[in-house]
Amino acid sequence: MNDLEAIRTHLLSFPESSEETPFGPEVLVYKVAGKMFATLSPDEVPVRMNLKCDPDRALELRDENEAIEPGYHMNKRHWNTLNLDGSLPNSFVLELITHSFERVVAGMPKAKREALLPG
């Protein structure tokens, strides 16, 4: 089993990130500046997480990892579902969360991007 507390802490560690439940208590939605970058279903077995991803990388990840599928209830070109069954290392999951955050921020206006991704 992946470390859910570490995952949730990482999801909330980004500037202007928030955790909401617009679809009900069973799906946690993580947003940056009002834009969704992740969902987490902690009560499912295995736990499932949707993350935004570069379309080419999304395909590669699905080919290389059985626990990564096209985004469940999402645009399958831009989103992946991770089945957190323990087969994906926590460090890899955290990297994919960061990638998702960065993809969402990349679509924001320049001033907002620069405020959220300094440096």
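So, α1 and α3: which way do they run relative to each other? They're roughly parallel, because their angle is about 20° and angles under 35 degrees count as roughly parallel. Their axes, which are lines fitted to C-alpha atoms over the stretch in contact, with angles from 0 to 180 degrees between N-to-C directions, sit 10 Å apart.

Quick caveat: this is a predicted model, where local features need pLDDT of at least 70, side-chain atom pairs count only at pLDDT 80 or more, and totals for chains, interfaces and linings use all residues. Residues are numbered from 1 along each chain as its sequence is written, and side-chain values use heavy atoms, leaving out hydrogens and water.

By the way, helices here are DSSP runs of H or I with at least four residues, strands are E runs of at least two, and both are numbered from the N terminus. Helix α1 covers residues 4-11, and α3 covers residues 90-106.

Okay, loops next. Most residues other than glycine have a negative phi, and most peptide bonds are trans. Now look at Glu16, in the loop between α1 and β1: its phi is positive, about 60°. Ala33, in the loop between β2 and β3, also isn't a glycine, and its phi is near 50°. Buried or exposed, or in between, for Glu16? Glu16 is partly exposed, at 45% relative accessibility, and Ala33 is partly exposed too, at 30%. For the cut-offs, buried is under 20% relative accessible area, exposed is over 50%, and partly exposed is in between, with a 1.4 Å probe and protein chains only.

Last one: Val45 and Pro46 are joined by a cis peptide bond, omega about -5°, and Pro46 is in the loop between β3 and β4.

Methods
The expected span of a helix is 1.5 Å times one less than its number of residues. Angles under 35 degrees count as roughly parallel, over 145 as roughly antiparallel, 65 to 115 as roughly perpendicular and the rest as oblique.
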